[in-house]
Amino acid sequence: MNTYSFPIGNFSALVISDGGMPVTKEFFFAETPDHLVQGFPANFQAPLNFIHITTDNKNILIDTGFGSRCKDAGQLLHNLAKHGINKYDIDEVILTHGHLDHIGGAVIEGEPSFPNATYYLRIEEWDMWAANKESEEYQILSRLENSITFIHKDVEILPGIKLFLTPGHTDGHLSVMVQSESQRLLIVSDLLNDPSTLNHLSSHIGLEVSPEKGSQTRKAIIDFAKQQGIMLFVCHYPFPGLGFIEDHNNNHKWIPYFKE
Ligand SMILES: [Zn+2]
């Protein structure tokens, strides 16, 4: 299965798989005790889940997948099309951060992949990549510059769609709170790597810019989600990346949400 749809109040949400991301265990589980992740081989494909939200009148995509930069991924557009959503339909693209698995699909042949969309990016994220103009990430982001609305503070960009800064993985890493009626979904992108490390805050996906800050953000988000009983969407968790965090004997436990 490569898509999964569910309602959030009056909104509808669609999880879309972009394929798989080939990783080494050392990369995907940086600063992680081996006994927590014994079941993983030295090399494996990490899940790549992204999400599309339809509000009353807007089509919103959160991150764009790898695009053509990874032979095992880049399936997001194709899988969206199977649900009747094409690249011209997307009104808003929220970029949680600048890593290639999240922005690679944002540009095709030097032009924005979603021609009618406004792209959203934290200014700290732009500044971080702009400090290295040779980077592939900056090469992509600079092609989007005229389409980007830069975010300087936590903000509700549309009714029920709030962006807030969750730094550490990168300087301008965004999380997204989606709310309609009394239902909420918290999209935390790459703050978390796999449910097996939920009780080990220093564990993170490689290329984390500030693991110390990342650990603080992970703690805050996990505590918040647990206390509020809020559903999370995590990009690299097993498909469809949806679930709740509950307390089990003073440990965090991931309760997947997946209704057929
Ligand atoms: Zn990622």
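Colleague: How many bridges join strand β12 to β13, and do they run parallel or antiparallel?

Modeller: Strand β12 (residues 174-180) and β13 are joined by five bridges and run antiparallel. Strands here are DSSP runs of E of at least two residues and helices are runs of H or I of at least four, numbered from the N terminus; two strands pair if DSSP finds at least two bridges between them. Please note that this is a predicted model, in which local features need pLDDT of at least 70, side-chain atom pairs count only at pLDDT 80 or more, and totals for chains, interfaces and linings use all residues. Residues are numbered from 1 along each chain as its sequence is written.

Colleague: Which residue stands opposite Leu185 there?

Modeller: Val178 stands opposite Leu185 of β13. The hairpin of β12 and β13 has two residues between the strands, and Glu181 takes a positive phi near 55° in it.

Colleague: And how does β13 run relative to β14, parallel or antiparallel?

Modeller: They run parallel, joined by four bridges. The bridge partner of Leu185 in β14 is Met231. The chain crosses from β13 through α6 to β14, and this β-α-β crossover is right-handed (with the strands pointing away from the viewer, the path from the first strand over the helix to the second runs clockwise).

Colleague: Why is β13 described as largely enclosed?

Modeller: Five of its seven residues are buried, so the rest of the structure largely encloses β13. A residue is buried if 20 or more other C-beta atoms lie within 10 Å of its own, exposed if 12 or fewer, and partly exposed in between, with C-beta atoms placed from the backbone.

Colleague: Turning to α6, which of its residues are buried?

Modeller: They are Gly214, Thr217, Arg218 and Ala225. They cover an arc of only 105° around the axis, which puts them on the same side of α6; the arc is that of the directions from the helix axis to the C-beta atoms.

Colleague: What do they pack against?

Modeller: The buried residues of α6 pack against β13 (183-189), β14 (231-234) and β15 (242-248), contact meaning C-beta atoms, placed from the backbone, within 7 Å. On the other side of α6, the exposed residues are Glu212, Lys219, Ala220, Asp223, Phe224 and Gln227.

Colleague: What happens just after α6?

Modeller: Gly229 takes a positive phi of about 60° there.

Colleague: Finally, which residues of α5 are buried?

Modeller: In helix α5 (residues 136-144), Glu137, Ile140, Leu141 and Leu144 are buried. They fall within an arc of 95° seen down the axis, so they line one face of α5.

Conventions. Contact = placed C-beta atoms within 7 Å.
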